[in-house]
Amino acid sequence: MPISVRNLKYVYNPGMPGETVALNDVSFDVADGTILGIIGHTGSGKSTLLQHLNGLIKPTSGEVYIDGECITDGKAKMTDIRRKVGLVFQYPEYQLFEETVSKDVAFGPKNLGCNEAEQEERVKKAISLVGLDYDEIKDCSPFELSGGMKRRVAIAGVIAMDPKILILDEPTAGLDPSAHREILAMVRRIHDEMGIILIFVSHNMADIAEMSDRVMVMSGGNIALEGTPAEVFSQGEKLAEMGLGVPPAKEIIDLIKDRNPGFVSEALSVDEAARDIKAYLEESDS
Amino acid sequence: MIRDITLGQYYPGDSWVHRLDARTKIIATLLYLIELFVVNNFYGFLITAVALFAVIAISKVPLKFIFRGLTAVFLIIAFTFLLNLFMVDGRVLWHWKFLTITYEGLSRAFFMAIRLVLIIIGSSIMTLTTKPVELTDGLEKLLSPFSKIGLPSHEIALMMTIALRFIPTLMEETDKIIKAQQARGADFESGNLFQRAKSLIPILVPLFVSSFRIAQDLALAMEARCYHGGTGRTRMNEIRFESGDAVAAVLMVLFLGVIIASRFISI
């Protein structure tokens with residue numbers, strides 16, 4: 001279910017004090033099965049862009065096509081769009097409201113008009129996809145869970161709608177390192193098992209490099225860079241100009257490259273960097 | 001829709017009205033509200049409206065911005081209008097089944113609606129041209145004489161500051177929660193009244209939880225900075241009356257005189 005965005009423009013508070021252009025002529029395509037990582041400074045238009053993709057915001061001009069169907073012409077049915085495109089906001093645990101976890105996760109399917117049996121089936125599937133035990137957790141109050149678990153439940157609430165495209169706005173924000181790793185692994189597993197398009201925003205360059213098939217860099221309401229992680233992170237200077245960086249492993253690699261002209265490496269992750277450095281050292285020893 | 005509420009919002013500017021002392025503006029607004037109840041005929045409202053629009057023109061706040069605040073209370077105004085229209089006895093103008101419109105009712109309905117509109121526009125001028133912090137500082141100063149008889153003026157002002165400060169925060173929070181629930185297929189626009197009221201639960205519960213969280217964070221942050229109430233507290237910007245405030249006071253007295261005189265204009 002490919003996405004294609006054409007000349008998207010969005011202005012906040014038009015004609016009012018505080019008029020801001022949040023998106024300024026944005027066009028891109030996302031192919032089926034892709035994991036797209038989006039990076040950009042606060043206020044670069046990332047969140048605004050994400051909300052356009054499931055019709056929460058109507059663009060000032062431009063179009064969004066999901067699976068070839070235009071969702072911005074005002075004719076598309078909102079429930080159809082929300083069924084296809086699941087959007088998980090930043091700190092999604094703040095939207096939990098039901099008495100029990102299973103009821104909360106069932107909120108989405110219920111809104112889509114699923115019957116009770118189907119609701120339960122979807123809730124079971126979603127809760128196990130986010131790595132929780134359905135029988136153990138279904139009757140808990142979502143408010144008595146830990147932060148990381150709350151977030152999983154909230155993500156399950158969106159997954160239960162069985163979207164073909166899943167969008168996550170900073171899924172790991174404010175989590176401790178172990179919960180951070182678990183959420184990333186979970187997101188990856190959801191992508192692989194459901195075979196969907198995954199779009200996620202992160203400020204952690206290492207996560208972006210590790211997870212993404214393609215990377216998009218937003219700056220001032222425009223797409224500043226787009227490509228594979230290797231392509232994007234090879235432009236360290238440009239990224240630094242926008243107040244962004246490269247993954248820590250890539251930084252080390254670049255430093256070594258500067259001092260050792262013979263060293264060649266495309267590594268972005270710590271593991272790749274370690275492998276390349278080891279190979280280089282062994283080579284120069286012999 | 002939720003962003004349309006301009007109540008308590010500040011419109012940044014540097015006009016003569018903006019620069020007035022907050023105390024002047026509070027007293028002027030109070031006088032203005034009293035004055036609206038002194039008025040007993042449409043001439044009085046005409047004079048008030050002219051004065052009000054003169055103030056708006058000086059303040060350079062766009063009219064569009066001011067009227068946006070009215071849309072939020074449109075229902076109340078419409079309700080008052082209809083109630084007065086049908087409930088007042090007098091010379092019958094129009095009659096249909098149990099509905100009767102009288103000459104007095106029509107006149108009263110317009111009178112009340114105009115008064116309400118003027119009240120709302122007039123008081124929104126104050127909040128639009130005064131920063132919330134200045135407003136509550138002014139209020140604290142105005143109330144401080146009463147602290148001798150046990151009125152906690154500083155605490156009242158602080159509560160108001162916090163309430164005003166968190167209106168935009170809570171609106172943003174509400175907006176976020178609404179969008180998040182919409183993304184899960186929630187529908188707030190269709191169904192009967194009962195269903196619609198029920199559809200607010202997914203918004204209200206998270207909003208309450210957020211409010212408590214925000215309140216707790218704020219209390220902690222204040223304590224961490226050794227907040228201990230109003231006694232012995234100094235401020236960075238002392239507010240003081242200037243020549244503009246004297247001019248405003250004179251204008252206000254003049255205006256009040258004109259309004260009292262307008263009571264004696266006969267139709």
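1. Where chain A meets chain B, 20 residues of chain A are in contact with 18 residues of chain B, two residues being in contact if their C-beta atoms, placed from the backbone, lie within 7 Å. The elements that give two or more residues to the side of chain A that touches chain B are α2 (78-84), α3 (101-111) and α6 of chain A, and α3(A) gives the most, with 3 residues. Helices (H or I, at least four residues) and strands (E, at least two) are DSSP runs, numbered from the N terminus. By residue type, this side of chain A divides into 12 nonpolar, 7 polar and 1 charged; here Ala, Val, Leu, Ile, Met, Phe, Trp, Tyr, Cys and Pro count as nonpolar, Asp, Glu, Lys and Arg as charged, and the others, Gly among them, as polar.

2. On the basis of the model: this is a predicted model, in which local features need pLDDT of at least 70 and side-chain atom pairs count only at pLDDT 80 or more, while totals for chains, interfaces and linings use all residues. Residues are numbered from 1 along each chain as its sequence is written, and chains are lettered from A and ligands numbered from 1 in the order in which they are written.

3. Chain A is divided into domain 1 (3-238) and domain 2 (247-286), with bounds that come from an automatic or database domain assignment. The C-alpha centres of these two domains of chain A lie 34 Å apart, and 8 residues of domain 1 are in contact with 7 residues of domain 2. On the domain 1 side, α8 (205-211) and α9 (229-233) of chain A are the elements that give two or more residues, and the largest share, 4 residues, comes from α8(A). The residues of that side divide into 6 nonpolar, 1 polar and 1 charged.

4. The largest nonpolar core has 79 residues, and those with the most contacts inside it are V105(A), A156(A) and I167(A). Such a core is a set of buried Ala, Val, Leu, Ile, Met, Phe, Trp, Tyr and Cys residues joined through C-beta atoms within 7 Å; a residue is buried if 20 or more other C-beta atoms lie within 10 Å of its own, exposed if 12 or fewer, and partly exposed in between, with C-beta atoms placed from the backbone. Helix α6 (residues 147-159) of chain A gives the most to this core, with 6 residues, and the core draws at least three residues from each of domain 1 and domain 2 of chain A. Leaving aside its neighbours within four places in sequence, I167(A) is in contact with residues including L50(A), L53(A), V85(A) and I199(A). A second, separate core of 13 residues includes Y11(B), V61(B), I125(B) and A248(B).

5. Chain A also has an open sheet of 6 strands, in the order β6-β7-β8-β3-β9-β10, with mixed pairing; two strands pair if DSSP finds at least two bridges between them. At the edges stand β6 (85-88) and β10 (222-227) of chain A, each with a single partner strand, so one side of each is left without a neighbour in the sheet. Strands β3 (residues 35-40) and β8 (residues 197-201) of chain A run parallel and are joined by 4 bridges, and L36(A) has I199(A) as its bridge partner in β8(A). Helix α7 (residues 177-194) of chain A packs on this sheet, touching β3, β7 (165-169) and β8 of chain A, and its direction makes about 160° with that of β8(A). Axes are lines fitted to C-alpha atoms, for helices over the stretch in contact, and angles run from 0 to 180 degrees between N-to-C directions.

6. Chain B comes to 11 helices and 2 strands. Its C-alpha trace spans about 65 × 60 × 40 Å along its principal axes, and of its 267 residues 20% count as buried.

7. Two backbone angles deserve a look. D67(A), in the loop between β4 (61-66) and β5 (69-70) of chain A, has a positive phi of about 55° although it is not a glycine. E170(A), in the loop between β7 and α7 of chain A, has a phi near 45°, which is also positive in a residue other than glycine. D67(A) is partly exposed, with 14 other C-beta atoms within 10 Å, and E170(A) counts as partly exposed with 19 C-beta neighbours inside 10 Å.
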